[in-house]
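Hi everyone, thanks for coming.

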Amino acid sequence: MTAAYVALEGGHVLEGRGRVPGTARGELVFTTAYTGYEESLTDPSYEEQVLTFSYPLIGNYGVREERFEDDQVHPRAVLAKELTEDVTDWLESEGVPAIDHLDTREIVTDIRDQGAMKCGIAVGDDVTEDDALEQLEACKAMSDHTDIGAQVSVEEPVVHGADNDGPNVALVDCGAKGSIIDSLLEREATVHVLPYDSDVADVEAVDPDVLFISNGPGDPANYEDAAALVETFVEDTPVAGICLGQQIVARALGGTTEKMTFGHRGVNQPVLDLESGRVVMTTQNHGYTVADPGDHLEVTQINVNDDTPEGIDGIEYDVITRQYHPEANPGPEDTLDFFDDVLAMVDGEPHRAVPADD
Ligand SMILES: NC(=O)CC[C@H](N)C(=O)O
């Protein structure tokens with residue numbers, strides 16, 4: 001059996017079965033989702049993280065590219081109770097170390113009790129616990145990855161749906177999931193995917209009807225260029241954001257963000273819309289949250305479990321952002337109408353998004 005070690009912050013080392021060799025380090029996170037491993041593994045938001053699947057069997061319906069959110073695997077390593085060969089073959093081709101036969105319940109309980117932590121991974125015939133501890137030693141805190149956007153963003157602008165009849169969306173790519181682009185294209189928008197560090201002139205060049213800040217990895221405080229765009233454009237242009245996007249928009253308009261203990265990580269996170277009283281099920285994977293929305297934004301949706309902001313709307317500006325993933329993939333599709341609400345802002349519809357009654 002190939003040796004495999006996971007060194008946790010504090011020095012505790014777990015042993016598992018090595019499935020894909022290599023060494024890695026990152027912030028240890030989890031997802032409780034029981035489907036959607038292809039989507040999660042290709043979500044750029046997991047850059048510099050090690051992903052633990054708490055659902056015990058991962059890979060039982062194969063690996064199909066059409067379900068990928070990006071063209072590469074983003075977590076630095078993968079931990080599970082049992083991985084199928086379809087998944088380990090794929091991770092091997094991507095050079096991403098993988099370990100199974102782990103007590104993932106113990107790992108998730110540790111993260112829940114102690115909060116997000118660093119970890120070091122070592123897998124291979126000759127590796128020792130010390131190799132994993134060495135990785136742990138070298139692991140940086142998430143907020144110290146100060147230019148993480150550069151690792152996941154397009155380098156040059158890319159246009160999708162140039163012939164579409166709908167609004168022009170400038171999507172600032174801080175690590176955008178493919179499903180966000182698809183959701184906009186399905187609604188006839190033209191989507192200009194722009195680098196995470198674009199400046200005002202780059203955005204003006206595509207003459208946007210909506211400025212949209214994507215999801216993405218790391219600490220929202222490290223995306224100052226995107227925040228500067230929000231500050232500039234919000235006076236005249238509707239602004240939208242998803243996950244990291246919500247956090248960046250809030251910071252740009254005078255709000256604050258903070259790190260959560262272990263975040264929201266699964267596809268069954270209940271969200272209450274404060275105006276309609278309706279609860280929707282949502283997909284989430286984030287470790288930061290908006291602490292204070294500031295004077296220009298209002299919290300309109302909250303997480304039922306911990307009351308943290310899940311939906312934020314502009315008071316005097318046309319702004320709607322969501323902390324969860326309305327595009328689903330994986331997860332429930334209760335909130336796809338967010339994209340209709342975003343594009344409706346262009347037609348002067350009220351910026352305040354209220355989910356339709358069933
Ligand atoms: N999915 C995301 O966009 C994650 C946002 C941010 N990196 C966080 O962890 O909170």
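Predicted model: local features only at pLDDT ≥ 70, side-chain atom pairs only at ≥ 80, totals over all residues.

Residues are numbered from 1 along each chain as its sequence is written, and side-chain values use heavy atoms, with hydrogens and water left out.

Okay, the big picture. The protein chain has ten helices and 20 strands; these are DSSP runs numbered from the N terminus, with helices being H or I over at least four residues and strands being E over at least two. Along the principal axes, its C-alpha atoms fill a box of roughly 60 × 40 × 35 Å. How does the radius of gyration fit with a compact globule? For 358 residues you'd expect a value near 21 Å, and the chain has 20 Å, so the two agree. That radius is taken over C-alpha atoms, and the globule rule is 2.2 Å times the number of residues to the power 0.38.

Of those 358 residues, 58% count as buried. Now contacts, meaning heavy atoms within 4.5 Å: among those between residues at least 6 apart in sequence, 69% join residues at least 24 apart.

On to charge. Lys and Arg count as positive, Asp and Glu as negative, and His and the chain ends are not counted. That gives 19 positive and 75 negative side chains, with the centres of the two sets 8 Å apart. Each charge is placed at NZ of Lys, CZ of Arg, CG of Asp or CD of Glu.

Now, the rings. Phe, Tyr and Trp rings (the six-membered one for Trp) pair if their centres lie within 6.5 Å; planes under 30 degrees apart are stacked, over 60 edge-to-face, and the rest tilted. By that rule we get six aromatic pairs. Take Phe30 and Phe262: their ring centres are 6.3 Å apart with planes at 35 degrees, so this pair is tilted. Phe30 sits in strand 4 (residues 22–31) and Phe262 in strand 16 (residues 256–273), so the pair ties together parts 232 residues apart in sequence. Phe30 is buried at 5% relative accessible area, while Phe262, at 28%, counts as partly exposed.

Then there's Phe212 with Phe339: centres 6.4 Å apart, planes at 15 degrees, so that one is stacked. Phe212 is in strand 14 (residues 210–213) and Phe339 in helix 10 (residues 337–344), so parts 127 residues apart get tied together.

Back in strand 4, look at Thr31. Is Thr31 buried or exposed? It's buried, with a relative accessible area of 4%. Leaving aside neighbours within four places in sequence, Thr31 is in contact with residues including Tyr46, Phe53 and Arg265.

Last stop: Phe68, in the loop between strand 6 (57–58) and strand 7 (77–79). Its C-alpha atom is 7.8 Å from that of Gly178, although the two are 110 residues apart along the chain. Not counting residues up to four places away, Phe68 touches Glu38, Thr42, Val63 and Trp90.

Conventions
Buried < 20%, exposed > 50% of the residue type's maximum accessible area, 1.4 Å probe, protein only.
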